[in-house]
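Morning, everyone. Please look at the chain on the screen while I talk you through it.

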Amino acid sequence: MLNLDLLDERHVFIVREAIAEGRIGFVVQSIHAKDDPTRVLYGECLPYLTDEDGIEHVDAVFVPALEVLGEAPVLDRHMLKLVLDALELNSLSILGYCLSGDNVCDPASWAHIRNQIAARPKLAARLVLKFTGIQAFTDAALAINSLSEAQDLGCRIAIDDHWSWTGIISALTRKHRYLATLCENGNIVV
């Protein structure tokens with residue numbers, strides 16, 4: 001896996017196989033408020049993959065390939081299930097996961113995400129869906145509708161690289177009248 005080219009489609013096979021065999025997990029990284037570094041806003045769940053030899057690989061090793069190949073939603077659906085499972089096990093936790101922008105720009109991919117959240121509505125208030133501004137949206141209106149739908153379900157949205165998301169943040173905060181919270185790493189949570 002470490003020696004594969006970024007565009008090698010074997011990445012997708014390796015991740016699908018790891019999902020099927022239960023070899024995808026996550027570690028939690030605390031996200032703190034910028035104005036009060038002692039205040040933890042949520043725990044961001046960072047995926048890792050354990051290969052067949054028992055070696056753990058951090059997300060930076062396999063997620064970029066999935067994103068380039070347009071296959072990140074496969075991992076995202078599985079990770080969301082794991083995060084929701086963890087929320088179910090610990091009623092005090094607030095957890096988040098960084099979804100690929102592919103999920104909010106493709107109605108079929110979004111349906112998988114939305115349906116998982118809707119199936120466990122009591123967990124939504126403790127779920128933060130994070131998005132980065134790395135990927136430009138081909139359809140900003142569709143992205144806004146998807147993110148707004150997540151908020152309607154009760155989720156909070158965290159946005160990284162908020163300068164490229166100014167219009168989306170404005171639309172979300174206008175509709176839901178949420179105050180945005182700036183995190184220490186520059187994310188905005190709405």
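First, the ground rules. This is a predicted model, where local features need pLDDT of at least 70, side-chain atom pairs count only at pLDDT 80 or more, and totals for chains, interfaces and linings use all residues. Residues are numbered from 1 along each chain as its sequence is written, and side-chain values use heavy atoms, with hydrogens and water left out.

Now the overview. The protein chain has seven helices and eight strands. Those are DSSP runs, numbered from the N terminus: helices are H or I with at least four residues, strands are E with at least two. The chain has 190 residues, and 47% of them are buried. Buried means under 20% relative accessible area, exposed means over 50%, and partly exposed is in between, using a 1.4 Å probe and protein chains only. The accessible surface is about 9,500 Å². Carbon and sulfur atoms account for 55% of that surface. Areas come from the Shrake-Rupley method with a 1.4 Å probe; for residues, only the protein chains shown count as cover.

What about contacts? A contact means heavy atoms within 4.5 Å. Take contacts between residues at least 6 apart in sequence: 66% of them join residues at least 24 apart.

Next, salt bridges. How many does a search of the whole structure find? Nine. The rule is a side-chain nitrogen of Lys or Arg within 4 Å of a carboxyl oxygen of Asp or Glu.

Here are some of them. R10 and D8 meet at 2.5 Å, N to O. D8 is buried, at 16% relative accessible area. E21 pairs with R23, with the closest N and O atoms 2.9 Å apart. Is E21 buried or partly exposed? E21 is partly exposed, at 46%. R23 is buried, at 13%.

Now find E44 and K130. Their side chains form a salt bridge at 3.3 Å, N to O. This pair links distant parts of the chain, 86 residues apart. E44 sits in strand β2, residues 40–50, and K130 sits in strand β5, residues 127–131. E44 is buried at 6%, and K130 is buried at 7%.

There is also a network. Salt bridges link K81, D85, E88 and R120.

Stay with those strands. Strands count as paired if DSSP finds at least two bridges between them. β2 pairs with strand β4, residues 95–98, in the parallel sense over two bridges. E44 has G96 as its bridge partner in β4. β4 and β5 also run parallel, joined by four bridges. There, C98 has K130 as its bridge partner in β5.

On to a helix. Q116 is found in helix α5, residues 107–119. Is Q116 buried or exposed? Q116 is buried, at 18%. Which residues does Q116 touch, not counting those up to four places away in sequence? The list is R77, L80, K81 and L84. K81 was also in the salt-bridge network.

Last, the surface. L6, L7 and V68 form a nonpolar patch, with about 270 Å² of accessible area together. Patch residues have over 30% relative accessible area and no salt bridge; like charges are joined within 9 Å, and nonpolar side chains (Val, Leu, Ile, Met, Phe, Trp, Tyr) within 5 Å. L7 lies in the segment before α1, 10–20. L7 counts as exposed, at 53%.

That's my tour. Thank you.
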